There are 2 protein chains.
Amino acid sequence: MDRDNRVESLSEEECLHLLGTVPVGRVVYTAHALPAVLPVAFEVTADGRLVLALRQGVTVRRALDDTVAAFQADALDAATRTGWSVLVHGRAQVVSDPALRERLLRTGPRPWEDGAGAAEPMFVLILPELVSGERQLPLGRSLLKS
Amino acid sequence: MDRDNRVESLSEEECLHLLGTVPVGRVVYTAHALPAVLPVAFEVTADGRLVLALRQGVTVRRALDDTVAAFQADALDAATRTGWSVLVHGRAQVVSDPALRERLLRTGPRPWEDGAGAAEPMFVLILPELVSGERQLPLGRSLLKS
């Protein structure tokens, strides 16, 4: 580890807490054999799952459903070069249960690209299996007291 | 296409222009057989390549060098739900040429996690082969004049 390393690893608890503070993250999926990255609105549920809200009909559905997905979110301040980034891996499932879907339509996140006449939202649940994150401290603040 | 779709596809030229307006993007690579996403400082060169600046020694080096990498950047405004997202695929190469490296150390992007005592920067060039992007327009503004 560098003596003046400004980068601090985050616990899983801290990561999930930080995820709850931002409205949009990025889901990674495979399209045409290449990794694709899509910004999506999301929320963290009380039991620590991620609920993503997307528009119906995007090819993401087939690419995400029942796969291990990667989801990333961050909050970075270019002026101070501080911030955090969290990466989650977990099984993704498109919500098909009518009751849960109905509840999410009322109380869940709204797709980022929502607009008048937009297609119905699709919800994807991710159960985090691997959670990792880093926080970048302000310049000059060393993690080590030595 | 939805009649009231607020999402507009961007040309490659627009995408590269927008990429030049933000200091940080996210590079996708494979780690332990899973997709990983890392925020990195970057710039767009005059000839349309991306220069990423990372800290030396990260496992990213082996994962990125001489592979087809995915790189994403966006600027999203949660209040108005507007913004853009651009995705680039292209061959990534760690800069090993001493003269180019020397020049980038003087004039290139500075790694996001730079700090006193931080390891030497590593630069990665990406030559965009596929460039795609979308812009999300303000609510109520339809793309179609009908």
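User: Does B:Q136 count as buried or exposed, and at what relative accessibility?

Analyst: Bear in mind from the start that this is a predicted model. Burial is read from relative accessible area, with under 20% as the cut-off for buried. B:Q136 has a relative accessibility of 8%, and therefore counts as buried. This residue is found in strand β7 of chain B, and a polar atom of its side chain lies 3.3 Å from the backbone oxygen of B:R81.

User: How should I read strand pairing, and in what sense do β5(A) and β6(A) pair?

Analyst: Pairing is read from the bridges between two strands and from the sense in which the strands run. Strand β5 of chain A (residues 67–77) and β6(A) are antiparallel, with 11 bridges, and one residue pair to look at is A:A70, which stands opposite A:H89 in β6(A). These two strands form a hairpin with four residues between them, and A:R81 in the turn has a positive phi of about 55°. On pairing with β7(A), β6(A) is again in an antiparallel arrangement, over 12 bridges, where A:W84 stands opposite A:R135. Strand β6 of chain A (residues 82–94) is mostly covered, with 11 of its 13 residues buried.

User: Which strands does β5 pair with in chain B?

Analyst: Strand β2 of chain B (residues 24–31) runs antiparallel to strand β5 of chain B (residues 67–77) and is joined to it by three bridges, with B:V27 opposite B:F71. β5(B) also pairs with strand β6 of chain B (residues 82–94), in the antiparallel sense and over 11 bridges; there the bridge partner of B:Q72 is B:L87. The hairpin of β5(B) and β6(B) has four residues between the strands, and B:R81 in its turn has a positive phi of about 55°.

User: Which residues touch the most other members of the largest nonpolar core?

Analyst: In soluble globular proteins, nonpolar side chains tend to be buried together. The largest nonpolar core here has 66 residues, of which A:L52, A:F71, B:L52 and B:F71 touch the most other members. Leaving aside residues up to four places away in sequence, the contacts of A:F71 include A:V27, A:F42, A:L52, A:V88 and A:I126.

User: Which residues of helix α1 of chain B are buried, and which exposed residues does the face turned away from the buried side carry?

Analyst: A helix can be read by looking down its axis. In α1(B), residues 12–19, the buried residues are B:C15, B:L16, B:L18 and B:L19. They fall within an arc of 160° seen down the axis, so they line one face of the helix. The face turned away from this buried side carries the exposed residues B:E13 and B:H17, while the buried residues pack against β3, β4, β5, β6 and β7 of chain B.

User: What is the mean pLDDT of chain A, and over which residues is the pLDDT below 50?

Analyst: Confidence should be read by region as well as by chain. Chain A has a mean pLDDT of 87, with 86% of its residues reaching 70 or more. Over residues 142–146 of chain A, however, the pLDDT is below 50, and this stretch has nine contacts in the model beyond near neighbours in sequence.

Key. Residues are numbered from 1 along each chain as its sequence is written. Chains are lettered from A and ligands numbered from 1 in the order in which they are written. This is a predicted model: local features need pLDDT of at least 70, side-chain atom pairs count only at pLDDT 80 or more; totals for chains, interfaces and linings use all residues. Side-chain values use heavy atoms; hydrogens and water are left out. A nonpolar core is a set of buried Ala, Val, Leu, Ile, Met, Phe, Trp, Tyr and Cys residues joined through side-chain atoms within 4.5 Å. Buried means under 20% relative accessible area, exposed over 50%, partly exposed in between (1.4 Å probe, protein chains only). Contact means heavy atoms within 4.5 Å. Two strands pair if DSSP finds at least two bridges between them. pLDDT is the predictor's confidence in each residue, from 0 to 100. The arc is that of the directions from the helix axis to the C-beta atoms. A polar contact is a pair of N or O atoms within 3.5 Å; within protein, one must be able to donate a hydrogen and the other to accept it, and residues adjacent in sequence count only if both atoms are side-chain atoms.
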